[in-house]
Amino acid sequence: MENEVRYFNRDISWLSFNHRVLLEAEDEELPLYERINFISIYSSNLEEFYKVRVAELKAVASGGRSETLTVEQAHALIRQITDIVNAQLEDRVRIYEQLLLPALRRQHIVFYQSRQELLPAQREFAHRFFLEEVFPYLAPVKVEKDRVRMFLRDRRLYLAVRVRQRGGETQEYYILKLPYSRMPRFVELPRAGEDYCLMFLEDLIKDNLHEVFVGYEVDCSYCCKISRDADVYVDDVPPENVVEQLKARVKKRKIGAIARFVYDRKMPSDFLDYLVDAFSVNREELVPGDKHLNLEDLSALPCPNPAVPPVRKLQGLRLPGLDTCPRFMYRLVARRDLLLYYPYHSFDHFTHFLREAVNDPHCREIMITQYRVAEHSEVINSLMEAARNGKRVTVFVELKARFDEENNLATAEMMTQAGVHIIYSIPGLKVHAKVALVLREDNNGKRLRSYAYVSTGNFNEKTARVYADIGLFTCSPAVVEDMHLLFRTLQREVEQPEFKRLLIARFNLLPELIKMIRHEVDLARSGKPGRIILKMNALQDLSMIEQLYAASEAGVQIDLIVRGICCLIPGRPFSRNIRVTRIVDGFLEHARVWYFGNNGHPRLFIGSPDWMQRNLYRRIEAVTPILDRRLRRQLTDFLELQLQADWKACWVDDRLRNVFKRRPEGPQVRAQYDFYHYLQDNLPTII
């Protein structure tokens, strides 16, 4: 069980990270719509947190099995989460209402909340829009708590309405599902002078409820929604049944147990009590919200004013010669290993690499893992074309990638029809490794130069534009052979593989990590500098945290760059040499990079795993050493830049607070933008 003195709780730590995301919306130096998007990201993150983590805690609180928590501890943790989320809601309301809405108004983009605020022409437009476009899709259902129990769908917004018949006193309650699948969340009204005018669809509906409830007086109306348990368990399913069982269980996700009931906090208590009884909501599941729920929809907020500066992301760099030099990627990687940093570099380089394999007459086989892929994926299209060209294509499809199960099933079935050999999930394990292999032979079957690719991120063209990841291209025979061995292991051809270069979770990863940490300890104890820099998304495994505590006490200087969950507590006597940095900026920091000083001869690694129990013990993860000295220097520069960052970077202190690293004077370092310019000045070419 986690010791509250030596470790942060993982869920409370995650809430600290999500609060840091929310705080980006305060930054007036960011483009306005980027600030608004951070409200959307915060809300979307919180939705998933309740559907997965809080749902799991509620299952334990109801008597479910847990190796780490008792029923009482689960209840206490849920209450603590509720208190923190309620406090964060105050920040979200303040930022949205007191900062963002006024900022929009200064840009002549105005939100109206009721018909009383509208000009006559706008009022007429809104009423006509309601009658013609909205009204046909509204179907009020009476809520009768002692007679009919209604089912509320996951994540759908509902309008709860209280009415009474004209001249009567008896109150009646109704539920309206808001028709967001039929029309946009934000309705654009006619302009008012210089102002571009918007309304939330629910506000427009509220203004016209008299058209829905003819013969009734509308007392009041408030939005509410339910988040349901979204986890899908298939670890107990044999391989031959995994596809059908997964399809069945994904369908049940929409009717999962209630994880939270979110309601407009201005709803009167007697109104809320009626809904709680009618929908059998547990009081612990109640989460007060603002007037407008599902603010993740702000990511689609229209910008009607063309004078508002758009959000401009850095454009992915393309290596000189990619589009003009035949077999560019093959030739470049044949000369030396290549590291690409997405989205600073364009993901087109990987798809180009696949296209070269598809058209290479000596390419005999392509092997790749699939965890999350984009819809209409060029990666998948290339693999199918390779199979049609007579090459053997093997894809390990991880069906248990949360929220991507259906997409992975669909793409797997499509690839199977094209002749791709599909390997499905391993019972009890997730394959989280991001690896690809191109095997080449001459006409006599002799192995030719082959290529391996190891990445920290998925083969997903869409997320590669916003997730900051790193991928290594290499034709190192040792790495190629290790990767071939990994795929043979996934196909159950090898039970006890021995890897020479790659570090693979559940085989040689943990022993090698511990060995490298202890080597830094030995250096520190002998009076030499011990140095560790670890960049990852999450640090939760207690045994590895204890290794870092021991290294700190021995004098090893340790810097952690952890985006999300960090259960290690810095700044205590047992961690006095450990610092924790968090970077939140326009791109999602997703890369995993590990640096061990090794007495002036640093060892660097990139790969797929975070230091969480699930990654280190229950998944197949792949990590590669960076052997090229030039690339080690480049990765070291990358890490040093992240540690120097004082804009968009903060310390995580021993109370889980995000303490910004802003300097009062001197040039500011913004790690993502500065590294982009660093890469811009160091583009590799083929001479």
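## Aromatic pairs

Phe213 and Tyr216 are both buried, where buried means under 20% relative accessible area, exposed over 50% and partly exposed in between, with a 1.4 Å probe and protein chains only. This is a predicted model, in which local features need pLDDT of at least 70 and side-chain atom pairs count only at pLDDT 80 or more, while totals for chains, interfaces and linings use all residues. Side-chain values use heavy atoms, with hydrogens and water left out, and residues are numbered from 1 along each chain as its sequence is written.

The whole structure holds 37 aromatic pairs. Rings of Phe, Tyr and Trp (its six-membered ring) pair if their centres lie within 6.5 Å; planes under 30 degrees apart count as stacked, over 60 as edge-to-face and the rest as tilted. The planes of Phe213 and Tyr216 meet at 80° with the ring centres 6.5 Å apart, so this pair is edge-to-face.

Tyr341 and Phe675 also form an edge-to-face pair, with 4.9 Å between centres and 75° between planes. Because Tyr341 belongs to strand E10 (residues 338-342) and Phe675 to helix H18 (residues 671-680), the pair ties together parts 334 residues apart in sequence. Helices (H or I, at least four residues) and strands (E, at least two) are DSSP runs, numbered from the N terminus. Tyr341 and Phe675 are both buried.

## Helices H9 and H10

Helix H9 (residues 328-335) packs against helix H10 (residues 348-359) at about 100°, with the axes 8 Å apart. Axes are lines fitted to C-alpha atoms, for helices over the stretch in contact, and angles run from 0 to 180 degrees between N-to-C directions. H9 and H10 are therefore roughly perpendicular (65 to 115 degrees; under 35 is roughly parallel, over 145 roughly antiparallel, the rest oblique).

From H9, Phe328, Met329 and Tyr330 meet His349, His352, Phe353, Glu356 and Ala357 of H10; contact means heavy atoms within 4.5 Å. Tyr330 and Phe353 are also among the members of one aromatic cluster, which includes Tyr342, Phe347 and Phe350.

## Charges over rings

The charged end of Lys661 sits over the Trp651 ring, 3.7 Å from its centre. The charged end of Arg670 sits over the Trp647 ring, at 4.7 Å from the centre. The criterion is NZ of Lys or CZ of Arg within 6 Å of the ring centre and within 35 degrees of the ring normal.

## Asp674

Asp674 is found in helix H18 and is partly exposed, at 29% relative accessible area. Beyond its neighbours within four places in sequence, Asp674 contacts Leu641, Gln668 and Val669.
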